[in-house]
Protein chains: 2
Amino acid sequence: MNGTQFKVLGKDGKARLGRVETAHGDIDTPAFMPVGTAATVKAMRPESVAETGAQIILANTYHLMLRPGAERIEKLGGLHEFMNWQRPILTDSGGFQVMSLADLRKMSEKGVTFRSHVDGSKHELTPERSMDIQRMLDADISMAFDECTPFPATPEQAEESMQLSMRWAERSKDAFVERQGYGLFGIVQGGIYKGLREQSADALKTIGFDGYAIGGLAVGEGQEAMFDVLDYTPGFLPEGKPRYLMGVGKPDDLVGAVMRGVDMFDCVLPTRSGRTSQAFSRRGTINLRNARHSDDARPLDENCACPACTNYSRAYLHHLVKIGEILGAMLLTWHNLHYYQELMAAMRSAIAAGNLEAFAAEFADQQARGDIEQL
Amino acid sequence: MNGTQFKVLGKDGKARLGRVETAHGDIDTPAFMPVGTAATVKAMRPESVAETGAQIILANTYHLMLRPGAERIEKLGGLHEFMNWQRPILTDSGGFQVMSLADLRKMSEKGVTFRSHVDGSKHELTPERSMDIQRMLDADISMAFDECTPFPATPEQAEESMQLSMRWAERSKDAFVERQGYGLFGIVQGGIYKGLREQSADALKTIGFDGYAIGGLAVGEGQEAMFDVLDYTPGFLPEGKPRYLMGVGKPDDLVGAVMRGVDMFDCVLPTRSGRTSQAFSRRGTINLRNARHSDDARPLDENCACPACTNYSRAYLHHLVKIGEILGAMLLTWHNLHYYQELMAAMRSAIAAGNLEAFAAEFADQQARGDIEQL
């Protein structure tokens, strides 16, 4: 059977407990995907990423097509072999990052031409080229090539952009080489406009995908507007396919989105924060640069089983980040990824037990009760 | 019995197989100590440093007295507890680095006053203060406070500097608090002048130390001049105490020095090289930035059991270092430390088997036969 498979194993309100089956293994959902932009989850060995409980990572087509090149990775056996990550990989289409990073972009019906931000070399990304690159990377889940509608956008701008993405979605589907265990996800666009989101979802369902992403969020609209869109958009999508909210988010974004029926997430937040002295915890975020930690012999979180919390004091972590030691980034990244995976596992357990609402209330209460730094 | 203990377990020519016993465990010699300047061996978790086989690390008094402060580390349980390294630690005296890093240094018979290169704060290092700091850090092996004689130096300059260091050595010994398993090493100075080295060694032996370091080398004199000094200096030192060559060196420096009777080494080379794309190997050094590695699916060294060589290709390591990913520094540092520990273990085996000379010849041949990149 071609494609990836998805099983809904349980429901609690709109939230779903599920499993995505891919060529490189299964993914329990709701799932968080750490970002491995350039074929490395920054400051982590892949073996350590697996130890945090992550079952799938995301890699970026735009970065990898430029360096080291998709053809090169294919020759070296694909991305799993290249970076020694044998679990599933999802690649984005390159559409979002070509618009935010590349120089001299020129968009047309056909696709986008641009110059590399690295060396000025000229490249083209089209739905067909994006599918080809993602195939060469050996992505278990490929994403349709789309335009991420900017925010804010008028209804007219949002519709025009969405319609282009739907035409590109069809071309992506046509160009995608079907294989067992390899899936292609479409991306719902339409900005903050319910009618457009419904039109977009309908267009994608007609084409038919292995999963459906919700794109164009987490681009500055704020959590309230995002949750508004998530109140209705999952309902436009088929029950039997996974739903992936792209580029999200903070821990409370994840909880709110899971309650609204989202199954998959990716975000640079835990890894990037790990390199900028920010740690996530049950009690909210904690800035390890703060001088108040300098004499604190307690672990970051006494209930956390990650190496940063098991082996070191806040005073030591503070020392490391204050002087810019690589080990500080290594330990805080590990902690943050561990925390994100624990949060997803806790939500899966809560859905299975039918008490996600109580879990979410307790989660919000813990975060609000305050700063771990005050404990 | 106060101090650290040393047992000579075997000899092969001038080379010795031995064991240093300290409060935090034993060190098999010849031994290489990775440098953990600011209470972290850069880009390595301490657990990983132990996995390379390292039995002792070096930490820097100058850096730690400025940040986070020796008093703070003492309150937090000492350096072992602070950085989660439960094996032995040797600290330098601060003398070398205060002269190379601090601002507005002023040297007198009493010691050195200076301003921190970090925040301009005023500090003083004397033999007494250095002993106090190293005690607060809980160093298993403390080093006498000395002046590292600059190179080049006239015989007069070298003698004056050495005599000052000998007076400071005596004050260091007086200030050192004796405890079981904690040792104090003196440092032989005298530049490249045999007579001065002998005078210095005699002065130190009269004071009496748990071990004897050879200082003032690897400061620009070159390997030939260094080996000249090592041809005679170990012979001025007691047979029953460990000999430590400070700040050395390249792999062939280590082999040559072990053959001349040196037991302990420290150097930033394997860790610093790991952060600048250089790998050490049986076949010499290899620069992973070189474009010739970009499509090379082979491991860095197929005979090496470190994670970098076991799990990744040269092409992947090249990719990481080319784009400046932290994982590149992490993997190459691990490889280099692993290689250094393997080299020391191989020399210990060769001494035990009485064939160090053959080992050294084979080692030189392998390094000369060339570049691993050509294989």
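The model described here is predicted.

**The contact between the chains**

The contact draws 31 residues from chain B and 32 residues from chain A. On the side of chain B that touches chain A, the elements giving two or more residues are helix 3 (70–75), helix 4 (79–83), helix 12 (307–311), helix 13 (314–322) and helix 14 (326–353) of chain B. Sorted by class, this side of chain B comprises 18 nonpolar, 6 polar and 7 charged residues.

In general, two copies of a chain are related by a rotation about an axis and a shift along it. Here, chain B is superposed on chain A by a rotation of 180° with 0.0 Å of shift along its axis, and the RMSD is 0.0 Å. The two copies are thus related as by a two-fold rotation axis. Among the residues of chain B, B:I326 comes closest to that axis, with its C-alpha at 3.8 Å.

**The single chain**

Chain A contains 15 helices and 16 strands. Its C-alpha trace spans about 60 × 45 × 40 Å along the principal axes. For 375 residues, a compact globule would have a radius of gyration near 21 Å; the value for chain A is 20 Å, which agrees.

The table gives their packing geometry.

| Helix pair | Angle | Distance between axes |
|---|---|---|
| Helix 7 (residues 155–175) and helix 8 (residues 194–207) of chain A | about 10° | 10 Å |
| Helix 10 (residues 251–259) and helix 15 (residues 356–369) of chain B | about 160° | 11 Å |

Because angles over 145 degrees count as roughly antiparallel, helix 10 of chain B is roughly antiparallel to helix 15 of chain B. The crossing of helix 10 and helix 15 of chain B is left-handed. From helix 10 of chain B, the residues B:D252, B:V255 and B:M259 meet B:L356, B:A360, B:F363 and B:Q367 of helix 15 of chain B. This contact between helix 10 and helix 15 of chain B has 5 nonpolar, 1 polar and 1 charged residues.

In chain A, helix 7 and helix 8 pack at an angle of about 10° and are therefore roughly parallel to each other. Helix 7 of chain A contributes A:A158, A:E159, A:M162, A:M166, A:A169, A:E170 and A:K173 to the contact, while helix 8 of chain A contributes A:L196, A:S200, A:A203, A:L204 and A:I207. By class, the contact of helix 7 with helix 8 of chain A has 8 nonpolar, 1 polar and 3 charged residues.

**Backbone details in loops**

Most residues other than glycine have a negative phi, and most peptide bonds are trans.

B:P68 belongs to the loop between helix 2 (61–66) and helix 3 of chain B. Helix 3 (70–75) of chain B is also one of the elements on the side that touches chain A.

B:P152 is located in the loop between strand 10 (141–143) and helix 7 (155–175) of chain B.

A:N84 sits in the loop between helix 4 (79–83) and strand 6 (89–91) of chain A.

Definitions and conventions:
Residues are numbered from 1 along each chain as its sequence is written. Chains are lettered from A and ligands numbered from 1 in the order in which they are written. This is a predicted model: local features need pLDDT of at least 70, side-chain atom pairs count only at pLDDT 80 or more; totals for chains, interfaces and linings use all residues. Two residues are in contact if their C-beta atoms, placed from the backbone, lie within 7 Å. Helices (H or I, at least four residues) and strands (E, at least two) are DSSP runs, numbered from the N terminus. Ala, Val, Leu, Ile, Met, Phe, Trp, Tyr, Cys and Pro count as nonpolar, Asp, Glu, Lys and Arg as charged, and the others, Gly among them, as polar. Axes are lines fitted to C-alpha atoms, for helices over the stretch in contact, and angles run from 0 to 180 degrees between N-to-C directions. Angles under 35 degrees count as roughly parallel, over 145 as roughly antiparallel, 65 to 115 as roughly perpendicular and the rest as oblique. A crossing is left-handed if the near helix is turned anticlockwise from the far one by less than a right angle, and right-handed if clockwise. Copies are superposed by least squares on the C-alpha atoms of residues with pLDDT of at least 70 in both. The radius of gyration is taken over C-alpha atoms; the globule rule is 2.2 Å times the number of residues to the power 0.38.
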